[in-house]
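Open the model in your viewer and keep the selection panel at hand. This tour goes from the whole chain to single side chains.

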Amino acid sequence: MSNIDKRWGSWAKEPSPIAEEDIVSTHSCDVLILGAGISGMSCALRAAQGGAKVTVMEKGAKWSARGGNIGVAGSKYMKSLGYENDIDALSREWIKRCGSRCSEELVRLYFTRSSDAMDWLLDIVTAPEYGARPELQSCIYRGETYREHMGSHRIFDGPMAKKGLRPGAADAVHAMYCEALKLGVEFRFNCSACRLIKESGRVTAAIGSSPDGYVRVNASKGVVIATGDISGNDEMCADLAPLANRCPKIYTPVGQNTGDGHRLGLWAGGSFEAQPFPLMLHPQAYFFSSLCFLFVDKKGRRFMNEDNYIQGKCNALLSKNMDYAWSIMDSAWAEKIPATLPYGGGIFWDIDHGPDDTQFPTEKFAGMLERGLKAGTAVMADSFEALGEKMGVDVESFAASAAKYNAACAAGRDGDFGKRSELLIPLDKPPYYALKFGSAVLAIVGGLRVDGNMAVLDENSDAVEGLYAIGNAAGGRYGVDYPMVIPGNSHGTALTFGYVLGEHISK
């Protein structure tokens with residue numbers, strides 16, 4: 001049975017072999033890692049700590065990191081603050097939200113080992129050499145239906161944050177990179193992996209394209225694909241995750257996440273998880289916050305229960321072919337938003353802050369609102385009719401939607417969408433604001449099928465010997481959707497699976 005679908009585009013066609021005479025140099029190591037992001041770097045450092053000779057082949061000019069939060073099930077730091085998760089309950093919740101289409105083995109591996117990985121990382125980044133400190137993200141959704149749990153760590157005050165990079169993953173990857181250098185890990189930057197070599201059925205090497213020509217690196221213990229996702233390859237997205245091409249894509253480094261590792265694994269005999277691949281979606285296109293009061297579509301009509309988490313809001317827009325919608329609030333937002341947070345919240349509803357910050361950051365939100373009004377991603381008017389005109393929606397429909405919503409708030413019951421009574425808060429203090437929000441793809445979190453050792457699997461679920469995949473090149477974590485059981489869990493699984501594989505492959 002072929003592992004390549006005949007309906008796929010030209011991206012799936014295996015290129016011709018690279019001739020031996022075109023290879024300018026050959027090198028050897030125990031473990032070769034393709035990609036220097038958070039998953040690849042954690043694997044490289046942990047394997048080197050286990051005594052392996054490690055080489056990292058990276059497409060870009062340096063290591064890469066994006067985003068702020070790294071979500072794990074637990075850590076010593078969390079425990080010191082009085083937070084401890086029930087990993088059995090969270091495992092069940094995760095599997096349920098993924099429609100039981102995720103790999104239970106991988107989910108369990110994440111929940112049982114992520115605390116080890118985070119403790120290891122925090123020991124590194126808080127050392128005097130780096131001087132960073134951790135903090136937990138406290139803006140989580142607190143409603144029962146989509147409840148999120150504490151565990152999302154962010155790293156502050158490290159060398160990269162002091163240089164102006166976003167606090168979080170950048171300082172994590174930087175510190176791991178520096179520690180890896182101390183242990184002799186070899187980094188080949190500006191070297192894009194383009195072919196895997198198999199000998200007697202086993203992956204034994206990779207060939208990379210560098211400015212000096214093709215370079216071959218032999219790896220006696222295995223090759224690890226840690227090349228990120230397929231967001232930057234529209235053709236692959238059309239075949240494997242078509243909804244991704246209907247949203248803005250927010251990923252860095254731009255031009256690098258083009259599915260290189262996915263293709264390499266496929267050509268080496270690996271297989272993909274079921275399609276379409278899951279998307280990590282945030283409602284951060286246009287205005288940066290969507291809140292929870294009244295949502296209307298481009299015709300001014302209410303279309304969903306606004307009491308939802310970030311992925312749910314985005315899916316609701318995509319299901320109706322909407323590139324954006326409008327979130328309505330009134331001038332009493334400084335009192336009304338904080339009143340909603342005990343019942344809901346989460347990023348783009350609350351504003352990201354630490355657990356010791358008990359007050360909603362009104363000044364920060366006011367600044368966002370002012371910038372939105374100047375940029376046109378927010379509009380303001382003294383009446384719903386005037387607001388509808390500025391939004392460009394059907395004024396009559398919008399005014400009727402707002403009136404009906406306020407009537408539901410007065411009655412304490414939402415007959416249209418079943419919103420909880422605690423969140424039926426009327427919009428009755430002009431002037432009124434409309435915030436334009438839309439879905440954005442942060443990552444396509446699907447890929448090569450792997451087992452509990454992160455070994456790539458073929459169509460028969462047998463391991464492709466010598467080949468592994470982690471991070472967003474690996475599938476199985478999510479199945480159909482990105483579950484915000486713990487925010488930041490894509491980074492968390494990348495860290496954890498890199499850490500665990502580094503231990504395993506170095507033996």
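Predicted model: local features only at pLDDT ≥ 70, side-chain atom pairs only at ≥ 80, totals over all residues.

**Stop 1: the whole chain**

The protein has 14 helices and 16 strands. Along its principal axes, the C-alpha atoms fill a box of roughly 75 × 55 × 40 Å.

Now colour by accessibility. Buried residues make up 60% of the 507 residues.

**Stop 2: helices α4 and α14**

Select residues 104-125 for α4 and residues 489-505 for α14. At what angle do these two helices pack? The angle is about 85°, and the axes are 8 Å apart. An angle of 65 to 115 degrees counts as roughly perpendicular, so α4 and α14 are roughly perpendicular to each other.

On the α4 side, pick out L106, L109, Y110, R113 and W120, among others. On the α14 side, the contact residues include L495, F497, Y499, V500 and E503. By class, this contact has eleven nonpolar, five polar and three charged residues.

**Stop 3: a salt bridge between strands**

Clear the selection. The structure holds 31 salt bridges. Side chains of opposite charge can pair when their charged atoms come close.

Start with E199 and R216. Their closest N and O atoms are 3.5 Å apart. E199 sits in strand β7 (residues 192-199) and R216 in strand β9 (residues 213-225), so this pair ties together parts that are 17 residues apart in sequence. E199 is partly exposed, at 42%.

**Stop 4**

Move to D297. The D297 side chain meets that of R301 in a salt bridge, 3.4 Å from N to O. D297 is buried, with a relative accessible area of 9%. R301 is partly exposed, at 40%.

Now select K298 and D323. They form a salt bridge, with the closest N and O atoms 2.8 Å apart. Where do the two residues lie? K298 is in the loop between β11 (294-296) and α9 (310-319). D323 is in the loop between α9 and β12 (325-330). The pair therefore ties together parts that are 25 residues apart in sequence. K298 is partly exposed, with a relative accessible area of 35%. D323 also counts as partly exposed, at 36% relative accessibility.

Then highlight R46, R113, D116 and E503. Salt bridges with shared partners join these four residues into one network.

**Stop 5: the loop at E422**

Finish at E422. Find it in the loop between α13 (395-411) and β14 (432-444). E422 counts as partly exposed, at 38% relative accessibility. How far apart are they? E422 and V450 are 28 residues apart along the chain, and their C-alpha atoms are separated by 44 Å.

Technical notes:
Residues numbered from 1 in each chain as written. Heavy atoms only, no water. Axes fitted to C-alpha atoms, helices over the stretch in contact; angles between N-to-C directions. Helix = DSSP H or I, 4+ residues; strand = E, 2+ residues; numbered from the N terminus. Parallel < 35°, antiparallel > 145°, perpendicular 65-115°, else oblique. Contact = heavy atoms within 4.5 Å. Nonpolar A, V, L, I, M, F, W, Y, C, P; charged D, E, K, R; others polar. Buried < 20%, exposed > 50% of the residue type's maximum accessible area, 1.4 Å probe, protein only.
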